[in-house]
Amino acid sequence: MPTDILMPALSPTMEEGKLAKWVVKEGDSVAPGDVIAEIETDKATMEVEAVDEGTIGKIHIAEGTEGVKVNTPIATLLGEGESAGDIAEKAAETPKESEKPGPDAAEEGTSQPQVSAKADAAPKAPEFKPAADPDLPDDVEMVETTVREALRDAMAEEMRRDPDVFVMGEEVAEYQGAYKVTQGLLQEFGGKRVIDTPITEHGFAGLGVGAAFAGLKPIVEFMTWNFSMQAIDQIINSAAKQLYMSGGQIKAPMVFRGPNGPAARVGAQHSQDYTAWYSHVPGLIVIAPYSAADAKGLLKAAIRNPNPVVFLENEILYGSTGPVPKMDDFVLPIGKARIAREGKDVTIVSFSMGMRYATQATEKLVEAGVDVELIDLRTIRPMDFDTVLESVKKTGRCVTVEEGWPQGSVGSEIAARLMEQGFDYLDAPVTRVTAKDVPLPYAANLEKLALPNVDEVIAAVNAVTYRS
């Protein structure tokens with residue numbers, strides 16, 4: 001029986017298109033893979049290939065015809081021994097429109113070059129819904145605490161709560177931590193739970209991963225996240241992937257933590273921001289806090305989480321202070337952004353050290369009459385994009401701020417998602433403020449030029465609000 005060649009779909013949502021050109025004519029022989037026509041939509045052009053061997057018996061749709069519905073017969077292919085008379089015979093047997101089966105029914109004698117049948121929709125991925133921050137008691141005491149102390153308190157409280165939690169890393173014990181974040185832990189918990197390691201990140205990160213597989217809850221400190229490149233295979237190929245590759249049988253409840261990003265004149269090899277690097281990896285949770293309260297509440301949550309957590313601190317922020325609730329158990333939800341200031345003119349999104357630039361810029365912009373909404377992401381993976389999107393629906397503008405490089409940055413991800421989900425709400429392009437696209441110089445004057453600054457944030461906001 002002759003086979004109808006149907007109008008293909010360029011995408012699952014395409015309903016019609018233009019038959020732009022026939023490459024064959026009636027009577028031509030074709031083989032599978034031969035180009036027979038070209039079709040167009042307002043978005044793309046595609047070559048139509050034959051899927052069966054035979055002869056073009058009849059062309060039903062002339063080239064140049066627009067509005068051809070998907071699955072409309074555009075030509076008929078004759079098999080061996082068939083003739084044009086068989087086409088008329090098949091047409092006489094074709095049922096009336098009212099007698100045709102539904103669109104999902106299979107049809108014999110049809111040839112679909114691109115999509116022969118609509119595939120079942122893939123099951124929807126489970127959605128992550130972050131919890132809200134806990135409500136603090138009205139009479140809670142707020143204590144001014146450094147970020148360094150907040151991190152130490154979080155680890156100490158969790159080590160008292162759970163005997164399976166332990167700390168390991170270079171100089172975390174006898175020296176009290178390279179940045180004094182683990183100060184006092186050795187004296188309270190002893191050498192079995194606060195462990196000095198040799199200078200071999202790949203080795204002690206692997207020991208930590210193995211301990212997590214066995215049911216312990218290690219906190220692995222890197223003296224700087226730049227050194228994590230020696231251990232990146234353990235973090236990504238072992239810790240992040242084990243739950244998936246074991247079919248859910250083996251978990252890796254552990255935290256990798258330490259200072260991340262540029263410090264001050266430590267050179268290109270010690271000044272990289274790894275936020276976007278690790279946020280690219282399924283299986284990891286990535287947290288980058290700014291305030292002392294967030295550092296404490298999120299580190300406690302990270303230690304309790306059954307998944308591997310990359311906890312990115314910042315050396316320059318260690319000495320900064322902020323109010324921390326004096327509570328028995330202050331834990332913040334992972335994956336929930338914090339709206340640091342509400343506004344209606346422009347949305348600024350940042351995290352970690354970028355929040356310092358963003359906060360200072362916000363103060364100056366508000367003084368100048370710009371009503372800024374400032375969002376601290378806190379968790380980068382999973383990202384609380386819903387909070388960002390709802391803000392942009394209100395402001396119509398978005399500026400992202402971070403110390404990472406521009407290509408493949410966290411800001412790039414936010415911009416892409418806003419294009420996909422919030423394009424109709426944007427009144428200006430999403431603008432990124434990042435480090436310059438160079439290795440960070442050692443010289444102080446060049447280092448300053450290479451990093452983002454408050455003036456650049458203000459200039460970006462002025463640009464998207466058309467004030468410059």
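This is a predicted model: local features need pLDDT of at least 70, side-chain atom pairs count only at pLDDT 80 or more; totals for chains, interfaces and linings use all residues.
Local features need pLDDT of at least 70 and side-chain atom pairs count only at pLDDT 80 or more, while totals for chains, interfaces and linings use all residues. Residues are numbered from 1 along each chain as its sequence is written, and side-chain values use heavy atoms, with hydrogens and water left out.

**View 1. The second largest pocket and its lining.** About 970 Å³ of space sits in here. A pocket is an open set of points on a 1 Å grid where a 1.4 Å probe fits, with protein on both sides within 12 Å along at least five of seven lines, and lining residues have an atom within 4 Å of a point. The lining takes in 43 residues, with Ser-279, Ile-380, Arg-381, Met-383 and Arg-417 nearest the centre. Two or more residues each come from helix 7 (275-279), strand 21 (379-381), helix 10 (385-395) and helix 11 (410-421). Helix 11 gives the most, five residues. Helices (H or I, at least four residues) and strands (E, at least two) are DSSP runs.

View 2. Arg-417 pairs with Glu-413, the closest N and O atoms being 2.7 Å apart. A salt bridge here is a side-chain nitrogen of Lys or Arg within 4 Å of a carboxyl oxygen of Asp or Glu. Arg-417 is partly exposed at 24% relative accessible area, and Glu-413 is partly exposed at 36%. For these labels, buried means under 20% relative accessible area, exposed over 50%, and partly exposed in between (1.4 Å probe, protein chains only).

**View 3. Arg-160 meets Glu-188.** This salt bridge spans 2.6 Å, N to O. Arg-160 belongs to helix 2 (residues 147-161) and Glu-188 to helix 3 (residues 185-189), so the pair ties together parts 28 residues apart in sequence. Arg-160 is exposed at 51%, whereas Glu-188 is partly exposed at 43%.

**View 4. Asp-427 and Arg-397.** Here the closest N and O atoms of the salt bridge are 4.0 Å apart. Asp-427 lies in the loop between helix 11 and strand 23 (431-433), and Arg-397 in the loop between helix 10 and strand 22. Asp-427 is partly exposed at 47%, but Arg-397 is buried at 16%.

How values were computed:
Grid points are joined across faces, edges and corners, and a volume is the space filled by probe spheres set on the points.
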